[in-house]
Amino acid sequence: MSDKFFFKGRQDARQNHIKSYQPNVSKKAGSKKYPLELVVTSEARKVEIEQQLSEHQLFANIEVNTSENAQESIEQLTTLLNKATTVTVEKTPSRNDPCFCGSGKKYKKCCG
């Protein structure tokens with residue numbers, strides 16, 4: 001008989017499938033291990049940024065670039081500070097719940 005009738009799977013395991021998937025979720029920007037990389041144009045601005053970092057308990061490597069065509073690069077900090085929050089909308093009552101206007105009627109008979 002032939003071996004192909006008794007095949008129980010791949011005889012050599014694929015090496016790239018053995019590793020488990022590990023996303024980069026554990027890399028938290030602004031932590032001690034992964035500090036932010038910021039560029040500012042003056043020492044006074046550096047002091048302001050350091051004050052903001054200490055208020056929000058963040059860590060960053062701040063470079064002062066005083067050349068003529070230098071541009072400030074603090075996008076990483078602004079995205080962390082201006083994170084979008086979840087918007088919660090007040091739920092409308094279902095048909096048989098009391099109306100939220102305070103009339104005492106069911107919602108379907110009053111405002112629905």
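1. Arginine 45 is partly exposed, at a relative accessible area of 23%; on the scale used here, buried means under 20% relative accessible area, exposed over 50%, and partly exposed in between, with a 1.4 Å probe and protein chains only. Arginine 45 forms a salt bridge with glutamate 48, and the closest N and O atoms of this pair lie 2.9 Å apart. A salt bridge is counted when a side-chain nitrogen of Lys or Arg is within 4 Å of a carboxyl oxygen of Asp or Glu. Glutamate 48 is likewise partly exposed, at 41% relative accessibility. Because arginine 45 and glutamate 48 are three residues apart in helix α1, about one helical turn separates them.

2. The model is a predicted one, so local features need pLDDT of at least 70 and side-chain atom pairs count only at pLDDT 80 or more, whereas totals for chains, interfaces and linings use all residues. Residues are numbered from 1 along each chain as its sequence is written, and side-chain values use heavy atoms, with hydrogens and water left out.

3. A salt bridge also joins glutamate 72 to arginine 45, with the closest N and O atoms 3.1 Å apart. This pair links distant parts of the chain, since glutamate 72 is in the loop between β2 and α2 and arginine 45 is in helix α1, 27 residues apart. Glutamate 72 counts as partly exposed at 29% relative accessibility. In general, side chains of opposite charge can pair when their charged atoms come close.

4. As to the overall fold, the protein has two helices and two strands, which follow the pattern β-α-β-α along the sequence. Helices (H or I, at least four residues) and strands (E, at least two) are DSSP runs, numbered from the N terminus. Of the 112 residues, 13% count as buried. The accessible surface comes to about 10200 Å², and 49% of that surface belongs to carbon and sulfur atoms; accessible areas come from the Shrake-Rupley method with a 1.4 Å probe, and for residues only the protein chains shown count as cover. Among contacts between residues at least 6 apart in sequence, 48% join residues at least 24 apart, a contact being heavy atoms within 4.5 Å.

5. Glycine 30 lies in the segment before β1 (36-40) and is buried, at 5% relative accessibility. Leaving aside residues up to four places away in sequence, glycine 30 touches Pro35, Leu36, Leu58, Phe59 and Leu80. The C-alpha atoms of glycine 30 and leucine 77 are separated by 8.2 Å, although these residues are 47 residues apart along the chain.

6. Alanine 60 belongs to strand β2 (residues 60-64) and counts as partly exposed, at 23% relative accessibility. With residues up to four places away in sequence not counted, alanine 60 touches Pro35, Leu36, Leu38 and Leu53. Its C-alpha atom is 8.1 Å from that of serine 31, a residue 29 residues apart from alanine 60 along the chain.

7. Glutamine 57 is placed in the loop between α1 (43-55) and β2, and is exposed at 66% relative accessibility. Its phi is near 55°, a positive value in a residue other than glycine. Most residues other than glycine have a negative phi.

8. Arg95, Lys106, Lys108 and Lys109 form a positive surface patch. Patches are made of residues with over 30% relative accessible area and no salt bridge; like charges are joined within 9 Å, and nonpolar side chains (Val, Leu, Ile, Met, Phe, Trp, Tyr) within 5 Å. Lys and Arg count as positive and Asp and Glu as negative, while His and the chain ends are not counted. The place of a charge is taken as NZ of Lys, CZ of Arg, CG of Asp or CD of Glu. Lysine 109 is found in the segment after α2 (75-81) and is exposed, with a relative accessible area of 65%.
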